[in-house]
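Open the model in your viewer and keep the selection tool at hand. This tour goes from stop to stop, saying what to select and what you will find there.

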Amino acid sequence: MRCTIFTNPFLKILSFIILQTLPLITQTKMLTLPLKSQVIPSGYLPRPPNKLRFHHNVSLTVSITVGTPPQNVSLVIDTGSELSWLHCNNTTNRVSPDPFFNPNFSSSYKPVPCSSTTCTTRTRDFPIPASCDSNNLCHATLSYADFSSSEGNLAFDTFGFGGSDNPGIVFGCMESSISTNSDGDANATGLMGMNLGSLSFVSQLKIPKFSYCISGSDFSGILLLGGSNFSWTGSLNYTPLVQISTPLPYFDRAAYTVRLMEIRVSNKSLNLSESVLVPDHTGAGQTMFDLGTQFTFLLGPVYSALKEEFLNQTNSTLRVLDDQNFAFEVGMDLCFRVPLNQSKLPEIPSVSLVFDGAEMRVSGEQLLYRVPGRVVGNDSVYCFTFGNSDLLGVESFIIGHHQQQNMWMEFDLVKSRIGLAHVRCDLVSQKVLGLG
């Protein structure tokens, strides 16, 4: 995924809680880590060139500690990235305040030599191959599609959360060349990579399963690392992960890929050929879940069919924004005008994504997103929360976390499957907090 432009760089941060029962973590009770809201300027978080970069993006963050003695850091959670990394500042003689980590003040910090198997073998899935710097240390590069980049060394250090210290975690200690700007202060120290790559956070900790639930009402949620057996989450429907052994140019083998079989608007199935929903011989067309992306993006022909049917079913209830020069987040070009004095959106049809064995139904306010600061006459502007991947130069179906609101999402890495259940995530959070 790649691309970006836009206006207000404000990022809302969902409150998250980490609960754990991990092989490398000895705590048995459910533990919580409070999160905070923050503003992150656009361009502050370098990502590989296949990652989208948005100004109007909601990011999910978790607060942990790194180093000995521990330094507080805040990390954006991303199931679409492998390498966890921190903005590092080793030029001062004191522990750096957020959003930086100072390796000089960590006795457990250890750079990764470029001759080690960690550098030569375990970085094989990096979009940009690791290299050797002048000090014979393993060097990593994170780059945007616009060719801006951040570079640094891979290193080992102790990651702590929930009262547990986990030594020897590999991460990127990246030199920060992008500072805060007039749009706001950035407090996120880096990113927590959660995909299937060998150096992702879940892979290094040998986490067999993780789950999360994102509320659509109060910007709260929970993230569980390890198994859970909560009967009140409802019965999960599972869809298998799609995995291939042969490298293909447009297929991300470390992503959480599933098979998209059908899309419905209300109860009407879109007239789509099976071939447009499966990857082609180059790997283009895979369907992936990505917490690092806010909205959902579909390949051009599929998006056009969804857009046409949604318009057909809402032509008497929604007023289309007649501005061909406006597209929210570049790829979201279906927008509507809603009177400023209208307190409630009209009733609109649901959109269902049907997978092999499971279904995700998106309805109500999840389908329309109010564009911050955009007013036309006496109307606010709301955009359809499905966008066109083609406008972004993306060769994938990407299911962002906005569409995953009020869904219990379970990633079973042992059985290679994803479980889904429709729940009230605000109520789930309350129940879990009560248990804690």
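**Stop one: a four-stranded sheet**

Begin by selecting β20, β21, β25 and β24, in that order: these four strands form an open sheet with antiparallel pairing. Strands here are DSSP runs of E with at least two residues, helices are runs of H or I with at least four residues, and both are numbered from the N terminus. Two strands pair if DSSP finds at least two bridges between them. At the edges stand β20 (319-320) and β24 (368-376); each has a single partner strand, so one side of each is left without a neighbour in the sheet.

A word on what you are looking at: this is a predicted model, in which local features need pLDDT of at least 70 and side-chain atom pairs count only at pLDDT 80 or more, while totals for chains, interfaces and linings use all residues. Residues are numbered from 1 along each chain as its sequence is written, and side-chain values use heavy atoms, with hydrogens and water left out.

Now zoom in on β24 and its partner β25 (residues 379-384), which pair in the antiparallel sense over five bridges. Which residue is the bridge partner of tyrosine 369 in β25? Select cysteine 383, and you have found the partner of tyrosine 369.

**Stop two: the helix across the sheet**

Helix α3 lies across β20, β21 (335-339) and β25, and runs at about 25° to β21. Such angles run from 0 to 180 degrees between N-to-C directions, with axes fitted as lines to C-alpha atoms, for helices over the stretch in contact; contact means heavy atoms within 4.5 Å.

Keep α3 (residues 300-314) on screen and bring in β16 (260-265), β17 and β22: the helix lies across these strands too, at about 20° to β16.

**Stop three: another four-stranded sheet**

Select β17, β16, β22 and β23 to see an open sheet with its four strands in that order and antiparallel pairing. Its edge strands are β17 (268-269) and β23 (359-362), each pairing on one side only. Next, show β22 (residues 351-355) with β23; four bridges join this antiparallel pair. What stands opposite valine 354 in β23? Click across from valine 354 and you reach glutamate 359.

**Stop four: the disulfides**

Now display the cysteine sulfur atoms. How many disulfides does a search of the whole structure find? The search turns up five, a disulfide being a pair of cysteine sulfur atoms within 2.5 Å. With the bonded cysteines numbered in sequence order, the pairing reads 1-6, 2-4, 3-5, 7-10, 8-9.

- Pick cysteine 88 and cysteine 173, whose disulfide has an S to S distance of 1.9 Å. This link is left-handed, with -120° about the S-S bond. Cysteine 88 sits in β5 (residues 85-88) and cysteine 173 in β10 (residues 164-175), so the pair ties together parts that are 85 residues apart in sequence. Both cysteine 88 and cysteine 173 are buried; buried means under 20% relative accessible area, exposed over 50%, and partly exposed in between (1.4 Å probe, protein chains only).
- Move on to cysteine 114 and cysteine 132, a disulfide with sulfur atoms 2.0 Å apart. Cysteine 114 is in the loop between β6 (110-111) and α1 (117-120) and cysteine 132 is in β7 (residues 131-132), so this pair connects parts 18 residues apart in sequence. Cysteine 114 is buried at 16% relative accessible area, whereas cysteine 132, at 42%, is partly exposed.
- Because cysteine 119 lies in α1 and cysteine 138 in β8 (residues 138-143), the pair ties together parts that are 19 residues apart in sequence. Cysteine 119 is buried at 6% relative accessibility, and cysteine 138 is buried at 0%.

**Last stop: the whole protein**

Finally, zoom out. The protein has four helices and 29 strands. Of its 436 residues, 56% are buried. Among contacts between residues at least 6 apart in sequence, 72% join residues at least 24 apart.
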